[in-house]
Structures are given as structure tokens and as C-alpha cells.
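Trainee: Could you take one part of this model and walk me through it closely? I would like to know what surrounds it and which side chains meet there.

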Amino acid sequence: MNAEKQPVLRVEGTAPLMTLRVLDTKDEEIFRMTKEIGHALATYCFYYKGEPYGTLEKQFDLVRDRFTMEVTEGKLELREYSGTVGHNYKVTLNGEILGAIMDDMDLTVENAVFDNAYLIVYRPDKLPLLVCMAVMAARELARDKEGAVTNQM
């Protein structure tokens, strides 16, 4: 939302989440993310204004989730960190922090049912990218939880 509390972006996706689109107020696509099938580790293709932006790939890490993507500006990284309770991520581009994705830990019914998060953005021009990355991180967490439940049965 902008200062006048008007939406500046609209997000739409498919069910199951294979494609996610971030649209501006004129319904023009800014970013698109698609889940790639058939990879050993999670892989997502990103498009900026219809052109390939990069491929975000999960890196093998036993401790925390970590994804990297080579883009024209350099190396983009989404890395889980333990700042507070919950699942939190920082997004960097060549080591510069672009933003953070943090679990909303308020004790509400909505937070108990849904995976809600705060999105902190330091570079407003990267907001559509961070929105896609936040949804992707939530998707991966849900997949991990589903796998943990299946393994317990």
C-alpha cells in the first residue's frame, strides 16, 4: 500500500501454486514466478516484465534453507536465519540486504490457520521480486511441513 493506503501491487497465482504473477495498478505484469518440475532441489524461474530474470535454485544445506539466483545485477540470495522464533529470511544482492521475510508471530486465529509474514523492503524497486520470494518461501515451508507429517505416519 502507498501512503494513501491504496494497493500498489496485486498478486495472483494458480492452485496448486505453479505460477505466481505480480501486477501493477494497471494490471500489467511486473514479475512472474514459475515452479520448475523434475529437479532434485526446488527450482523457480523468475521473469521481469515478460523477460527471463533468473532461475532461483535451492542449495544443498543441512542446517537452513538457502536459495541463489544469478541475475544481471549479480548474485541474489535468499537465506534463512534465526533472528527470532519462526522462519525468517534475508534477501541479498551481492551482499547488500534488499529486505527480509519474517514470520508474523502475533497470537491470532488468522496466524494459527495461515502462514502470515512481514515483508521488510529496503529497496522499493525490488518489492515485486521480494513478494515472489516471500510466496516461494511460504510454499517451501508448507511442502516441508507436509513432508514431516507424512514421514511421521
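Mentor: Happy to! Let's begin with Lys35, which lies over the face of Tyr44, 5.2 Å from the ring centre. A charge sits over a ring here if NZ of Lys or CZ of Arg is within 6 Å of the ring centre and within 35 degrees of the ring normal. Arg32 gives another example: its charged end sits over the ring of Tyr47, at 4.3 Å from the centre.

A word on the source: this is a predicted model, with residues numbered from 1 along each chain as its sequence is written, and side-chain values use heavy atoms, without hydrogens or water. Local features need pLDDT of at least 70 and side-chain atom pairs count only at pLDDT 80 or more, while totals for chains, interfaces and linings use all residues.

Now for strand S3, residues 29-35. Strands (E, at least two residues) and helices (H or I, at least four) are DSSP runs, numbered from the N terminus. Five of the seven residues of S3 are buried, leaving the strand mostly covered; buried means under 20% relative accessible area, exposed over 50% and partly exposed in between, with a 1.4 Å probe and protein chains only.

What does S3 pair with? Pairing asks for at least two DSSP bridges between two strands. Strand S2 (residues 19-23) pairs with S3 in the antiparallel sense over five bridges, and Thr19 stands opposite Thr34. S2 and S3 make a hairpin with five residues between them, and Asp27 in the turn has a positive phi of about 60 degrees. S4 is also antiparallel to S3, joined by five bridges; there, Met33 has Phe46 as its bridge partner.

The rings are next. Phe, Tyr and Trp rings (for Trp, the six-membered one) pair if their centres lie within 6.5 Å; planes under 30 degrees apart are stacked, over 60 edge-to-face, and the rest tilted. That rule gives four aromatic pairs. One of them is Phe31 with Phe46, edge-to-face at 6.4 Å centre to centre and 75 degrees between the planes. This pair links distant parts of the chain, 15 residues apart, with Phe31 in S3 and Phe46 in strand S4 (residues 43-48). Phe31 counts as buried at 4% relative accessibility, and Phe46 is buried too, at 1%.

Phe31 also pairs edge-to-face with Tyr53, at 5.2 Å centre to centre and 75 degrees between the planes. Tyr53 lies in strand S5 (residues 51-58) and Phe31 in S3, so the pair ties together parts 22 residues apart in sequence. Both Phe31 and Tyr53 are buried. Together with Phe46 and Tyr48, they form one aromatic cluster.

The largest nonpolar core has 30 residues, and Phe46, Leu78 and Met133 have the most contacts inside it. Helix H2 (residues 127-152) gives the most to this core, with nine residues. Such a core is a set of buried Ala, Val, Leu, Ile, Met, Phe, Trp, Tyr and Cys residues joined through side-chain atoms within 4.5 Å.
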